[in-house]
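Here is a short briefing to read alongside the model. Please have the structure open as you go through the points.

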Amino acid sequence: MAVKPTKAEKKVAYDSKLCQLLDEYSQVLIVAADNVGSNQLQNIRKGLRGDSVVLMGKNTMMKRSVRIHAENTGNKAYLNLLPLLVGNVGLIFTKGDLKEVSEEVAKYKVGAPARVGLVAPIDVIVPPGNTGLDPSQTSFFQVLNIPTKINKGTVEIITPVELIKKGEKVGSSEAALLAKLGIRPFSYGLVVLSVYDNGSVFSPEVLDLTEDDLLEKFAMGVSMVTSLSLAVSYPTLAAAPHMLINAYKNLLAVAVATDYSFPQAEKVKEYLEDPSKFAVAVAVSAADSGAAPAAAAAVEEKKEEPAEESDDDMGFSLFD
């Protein structure tokens, strides 16, 4: 008969396992495990088996093990995990892609009935339609202010009803009604709260960012740097082209307002002295741009003409 380990031996084994996982894995998902059953947790372990390990435990034990391991190894990055170990949480150590692991965890949500005293995580709306209940149940709906009518010997709900709002506790009447209607409004599973990656901690929403999102944010940052650089006249790589263009505009303005000139300003002065030249230049440019399509159309039309010659052209008319 196997000897049952003592509580002290269990703590030592747990501490050893957690320290081993911290050394072996550099990526950790901190997940909330509220209302998650043992069978559900076992299915999650099976689904993640291969490149991930799920570890649950008391927060005090996890904090103590992490703190001691950080001191023994000199790796203070582990201490970033301590503020995250609050509430009913667990750790998923992984070597796989964080986004893929997070999506795999989300697959194992299961429906659950509304139990009395439970805080609703979402709004619960009862849809309209036939309930299949006999007319003797109408008083039950009246207590909850749900409009009904009798249709073909059964109770029918007329309009959608918001039975429970998010954050409210489920009452006995609401729980009984949902049970009668066979509605399981809630779903529970492991929920990723934070992500730990090589000492850095960030929100799981970061995992949903695409390359387009990153490019958009980068472009926004460059735009802000450019605006700030131009406002304070501080040269940066992003603002340099704008500064050069602005300086060129200022030189043109000085050249136009004074007798000073340079080659690039001569044409501008010429146009200002005789605006008709600018109009002619625009017309020539438009003509040049339209000439190419017209020539191409003419060539195409010529290709479509038949290459036959009449007998009259050859001097051999059949009617002479």
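**A buried ring and its surroundings**

Phe 262 is buried, with a relative accessible area of 14%; buried means under 20% relative accessible area, exposed over 50% and partly exposed in between, using a 1.4 Å probe and protein chains only. This is a predicted model, in which local features need pLDDT of at least 70 and side-chain atom pairs count only at pLDDT 80 or more, while totals for chains, interfaces and linings use all residues. Residues are numbered from 1 along each chain as its sequence is written, and side-chain values use heavy atoms, with hydrogens and water left out.

**Aromatic pairs**

- The count comes to 3 aromatic pairs.
- Among them, Tyr 260 and Phe 262 form a tilted pair, 6.2 Å centre to centre with 45° between the planes.
- Rings of Phe, Tyr and Trp (its six-membered ring) pair if their centres lie within 6.5 Å; planes under 30 degrees apart count as stacked, over 60 as edge-to-face and the rest as tilted.
- Tyr 260 is exposed, with a relative accessible area of 52%, whereas Phe 262 is buried.

- Strands (E, at least two residues) and helices (H or I, at least four) are DSSP runs, numbered from the N terminus.
- Gln 27, Leu 29 and Val 31 point one way from S1, while Val 28, Ile 30 and Ala 32 point the other way.
- S1 runs antiparallel to strand S3 (residues 89-94), joined by 6 bridges, and Val 28 stands opposite Phe 93 in S3. Two strands pair if DSSP finds at least two bridges between them.
- S1 also runs antiparallel to strand S11 (residues 191-197), again with 6 bridges, and here Gln 27 stands opposite Asp 197.

**Ser 102**

- Ser 102 is found in helix H4 (residues 98-106) and is buried, with a relative accessible area of 18%.
- Leaving aside residues up to four places away in sequence, Ser 102 touches Leu 29, Val 192 and Leu 207 (contact means heavy atoms within 4.5 Å).

**The largest pocket**

- The largest pocket has a volume of about 230 Å³, the space filled by probe spheres set on grid points joined across faces, edges and corners.
- On a 1 Å grid over the protein atoms alone, with a 1.4 Å probe, a pocket is an open set of points with protein on both sides within 12 Å along at least five of seven lines, and lining residues have an atom within 4 Å of a point.
- Its lining residues include Ala 32, Lys 109, Ile 122 and Val 191.
- Strand S10 (residues 186-188) gives the most to this lining, with 3 residues.
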